[in-house]
Amino acid sequence: MQRLKELFVRNASLKVLSFFFAVSLWIFVNLKATAERVCQVPVRWQNIPSYLEITNAATDSIRVQVKGPQRILSNLDPMRIPVVLDLADAKVGLSNYQINEKMIPLPPGLSATVLLPDTIQFKFESIVEKEVPIQPHHAGDPGAGYSLDGIEVTPSRVKVLGAQSELQNLYRVDTEPIDVSGREKSFETRVRVALNRPHVWLAPNQETVLAKIQIVERIVKKTLPQARVVAEGPGGAAVSIQPPAVDITLEGPAAAIRSVVPGEVTARVVLPDVPAPVQTLRVFVQVPVAGIRAESAPDRVVVRVSPGVSP
């Protein structure tokens, strides 16, 4: 044990000095160590003239090879060193902007080489204005027995702005779908204009329009087959009717048609005060529910008054 202790403390100062020398050498080597790294650096642009719009999918990043001390390079965040392009001199047409090393804001101690491709191409178009009609759209179906009679929007036209090539083929804009599910009455609502086109936007304060939605009862038809025809006229007259029964067609709002009781619908002919022995008379259909149009098939019948029967 004593021998081990002597070995440990022998030349202690020399050992300590050697330890600090080794640590210093390691720190020096690491501080001076260099490395390389390829980064994808974002590209941003500013000062686009207010009368121009970029219409191509311009590249928004470039590849850069960065060199420098390992300790600095390892902490480099590419998102914090964007290239910023000044497009104040832009003109209508295609323009190429070249990226160089001076445009990359690197921390001190690092250097960069821009890798190919080192240019970004922009397509600039003039911004124009156009007024187009609005086409309303709806979703769902009204309640049973009701239908959508129409949608009116105010204003009926809207002003849009955008790249000239986009507006050339724009002839109308749509509204977002208006939900009419289960509706039984007309209503009003504000709805947004849906402008799902690139490089086109609405003029200020024209993002929504007032929509008036007209809901009406659906007009339906119903047939009552073989309804008996009765004669009305001078008392005591005996008549025969051919055909004795007709088909009755009812047409009107669905709710009104549903309320009709078939037995309450009558078909009749009206005899004149002095009936002829044989005559063709019109059939009148009577429906006890308002708002319903009725007709018979056939709409006329042959009426024979029995001989020897006084009117």
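Colleague: Let's start with E125: is E125 buried or exposed?
Modeller: Keep in mind that this is a predicted model. E125 sits in strand β7, which covers residues 119–135. Its relative accessibility is 10%, and the cut-off for buried is under 20%, so E125 counts as buried.

Colleague: Which side chain makes a polar contact with the side chain of E125?
Modeller: Beyond the neighbours within four places in sequence, E125 is in contact with several residues, including Y51, E53, T55, Q164 and S165. The polar contact, at 2.9 Å, goes to the side chain of S165.

Colleague: Now T175. Which residue has its backbone nitrogen 3.0 Å from a polar atom of the T175 side chain?
Modeller: T175 belongs to strand β11, residues 173–175, and is buried, with a relative accessible area of 3%. Setting aside neighbours within four places in sequence, its contacts include I134, P136, H137, V153 and V209. The backbone nitrogen in question is that of H137.

Colleague: What is the strand order in the open sheet of four strands?
Modeller: The edge strands are β4 (83–86) and β6 (111–114), each pairing on one side only. The pairing in this sheet is mixed, and neighbouring strands are turned by 35° against each other on average, direction ignored. The order reads β4-β1-β3-β6.

Colleague: And which residue of β6 is the bridge partner of V64?
Modeller: Strand β3 spans residues 61–69 and runs antiparallel to β6, with four bridges joining the two. In β6, the partner of V64 is V114.

Technical notes
Residues numbered from 1 in each chain as written. Predicted model: local features only at pLDDT ≥ 70, side-chain atom pairs only at ≥ 80, totals over all residues. Heavy atoms only, no water. Pairing = 2+ DSSP bridges. Axes fitted to C-alpha atoms, helices over the stretch in contact; angles between N-to-C directions. Buried < 20%, exposed > 50% of the residue type's maximum accessible area, 1.4 Å probe, protein only. Polar contact = N/O pair within 3.5 Å; in protein donor to acceptor, adjacent residues only side chain to side chain. Contact = heavy atoms within 4.5 Å.
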